[in-house]
Amino acid sequence: MKRYATTLSLLFIIGVVYWSFYDAMPHTFTKENAPENTFAAERALILVRAMSQQPHYVGSEAHEDVKEYLLSELEKLGLETRVQEGYTAGNWGNLSKASNIMARIKGSRDGNALMLLSHYDSSPHSSFGASDAGSGVATILEGIRAYLAENKTPHNDIIILLSDGEELGLNGARLFVNRHPWAKDVKLVLNFEARGSGGPSFMLLETNGGNSRLIKEFSKAGPRYPVSNSFMYSVYKMLPNDTDLTVFREDGDIDGFNFAFIDDHYDYHTALDTEQRLDRNTLQHQGSYLMPLLHYFSDADISNLKSNQDQVFFDGPFSSFFSYPFSWIWPMIIIAAILFVILVVYGIRKKKIVVRELLLGMIPFTVSFLLCGLLGYFCWPLLKKGYPHYADILHGFTYNGYYYIAAFTAFSTAICFFLYHKFRYLQPVNLVVFPVFVWIAICALLGHYLKGASFFIIPVFAALLSLLLLIRQEKPNLLLMAILAFPAIWIFAPFIQMFPVGLGLKMMIASTLFTVLLFGLLVPVFGFYRQQNKLALFAGVLTIALLITAHTQSGFTEDRPKPDSLLYVLDTDTGKASWATYDKVPDKWTSAYIGEDKQKPGGALTTIASKYNTGFSYTSAAPLKDIAVPRIEIIRDTLMGTERELEICIIPQRNVSRLEVFTNTEKIISCNVNGVDLSEEYLQNPERGNRLFSHYISANTYTEIILRVPAAETPELILYEASNDLLENLLFTIPPRPGNHIPMPFVLNDAIVVKKTVTFGESE
């Protein structure tokens, strides 16, 4: 057995890494012929397919078709449906008319309601919306169908809300929470979302108070594959990303759970978000959350899930879910620190820990940490330098991104093995002390700044036990030492992949640093390996193989199409027209219009709003076309003491989908658009710049603005009216994109834009 101890321990470690990913989600999905009271991913997929035939963003014809389809599906279930319509603008300055789809199952008790929530609009303008969030809508409809098949009456009411305008600024959710009478009955929300097209679905909370009651009730419901931890929850709260559930928390003080998957992030908001690319097992995972939670919370007491206490929580193997109160954080850290000091003193007295060797043992870990940190930090800039076209993937996760994560993880592992091999003359016990000390210091910092990550202390206790064995035994059982490393591998290995997938390859530094930190906790095993140099070589060769594979898949194909963009911009103020693109590396299709005379844009052409603050990369002169200009009606220009009030109506003269309005006015007292007041929070936000608002237009309606500014102001409104018909408009002869191209997401694209400035004279 001892002869094969190294091999067995290494195989065990590799096996646990694999298991930590494999155990996160189902690996089969239920077929269409499953029992009626069972959630079947294949049945839900029929709904996804029907919803995602075309992009169905707000204002598109397909959007209305999807709405009617969903109403009919709810009616097939025997539910009475309602539609709530109204304008909202939210905190992003994005105005739209939302059409929320609702149904309600009456419970045996009065008052309290469980809400099932997802949105049915797709992202403008090319996404088919299969995953985001057709999968969420289908999960709810299939789950409700299975629930109703049991012919049972819930204790609590069940409200189904398929919201509209989520992609524009959570507009439908805001409309419901602030204006619908049912909102006051909602005590808990289950929201289903997506930020990719596959992988496990993560549970994230939304609450204004403590999470203690929510976590306890979630555990009681017993979902089969719970994937969540309070570290992700803490990071999520720090990010600017919001879901519909955020509105319920902020505007209604209503708690809830988000369930969202993020793998295959390159499909997010693109023309690749189709039913064919949606992972069936991921859809099953969404159902595995919904069904137990629906059965549990439809009958549970949800009248008061509030708490002033927080829990640290994380998932474990075999669908286990662990939690403990924040009050345990510092006692656990202090106990770990005390045990560490006792063990170090004990080791010195036993002459197993030698101070000189301990200090030398700090070198490989410190150098590995610094080198791998630099490697991760410069990863994305170096990749973009070597492959400039990556810059056109705006969210920063390339089609071959998984190979890069594996390559840089392997390279970090190679660095660790190489450096520790250089210090192989040191006893492993002296190599372990510093990594454990670093982990305790990290946990202390997390206990103060990021309490949700405090479960990181659990692998540290296992490492302290390993340290004790190293002090007491000259050659401990390597398989036992590998087993003691199980908590560290289980908890940290998934994070190595998660951050660059969800946030882009610019977050590769998280992967490389987590690799070093995990390696440090595995030193009680790896420190006894005699062939560390060969493992370093193997990891290095693996790195090269992965980078070569990534290189062979760095180009664009029909399965991995290039995002590109083209717009026609008519400036009615100057009487000139331009082609414009967001492409950093224009391809042949775009270059036919953005030719050799291309130039960097200046002035007004840099202002059109987009996600990630992306501006035009190049413009080029274009022929003038007879594009209808919006009609401007100045209804009122009135002085009211120290204020000036303007009322203006903008009426489209062609079929348009979006109106952007900018202003030179530094101070805005108030702004009302189509009866909706833009929030003071938004108007006073310095990040708004000179943007006033965006109107995502339905039914080619007008835009009416009532603007109040100081009397001394001479305001100017710069209008950009856009239609997404550049490729179909008969005034142009633009060929279809090649098969290996797709419209660039997150920006205004395939658009005919008309710019017009409205200037108001000095007040009299």
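**Exercise 1.** Is K67 buried or exposed?

*Solution.* The model is predicted, so local features need pLDDT of at least 70 and side-chain atom pairs count only at pLDDT 80 or more, while totals for chains, interfaces and linings use all residues. Residues are numbered from 1 along each chain as its sequence is written, and side-chain values use heavy atoms, with hydrogens and water left out.

Step 1. Buried means under 20% relative accessible area, exposed over 50%, and partly exposed in between (1.4 Å probe, protein chains only).
Step 2. K67 has a relative accessibility of 6% and therefore counts as buried.

**Exercise 2.** Determine which residue forms a salt bridge with E64, and describe both positions.

*Solution.*
Step 1. A salt bridge is a side-chain nitrogen of Lys or Arg within 4 Å of a carboxyl oxygen of Asp or Glu.
Step 2. The partner of E64 is K67, with the closest N and O atoms 3.2 Å apart.
Step 3. Both residues lie in helix α3, three residues apart, about one turn of the helix; a helix is a DSSP run (H or I, at least four residues), numbered from the N terminus.
Step 4. E64 is partly exposed, at 37% relative accessible area.

**Exercise 3.** Locate the salt bridge between D253 and K306 in the chain.

*Solution.*
Step 1. The closest N and O atoms of D253 and K306 are 3.0 Å apart.
Step 2. This pair links distant parts of the chain, 53 residues apart: D253 is in the loop between α9 (244-252) and β7 (255-263), and K306 in the loop between α10 (280-297) and β8 (311-315). Strands are DSSP runs of E, at least two residues.
Step 3. D253 is partly exposed at 42%, and K306 is partly exposed at 32%.
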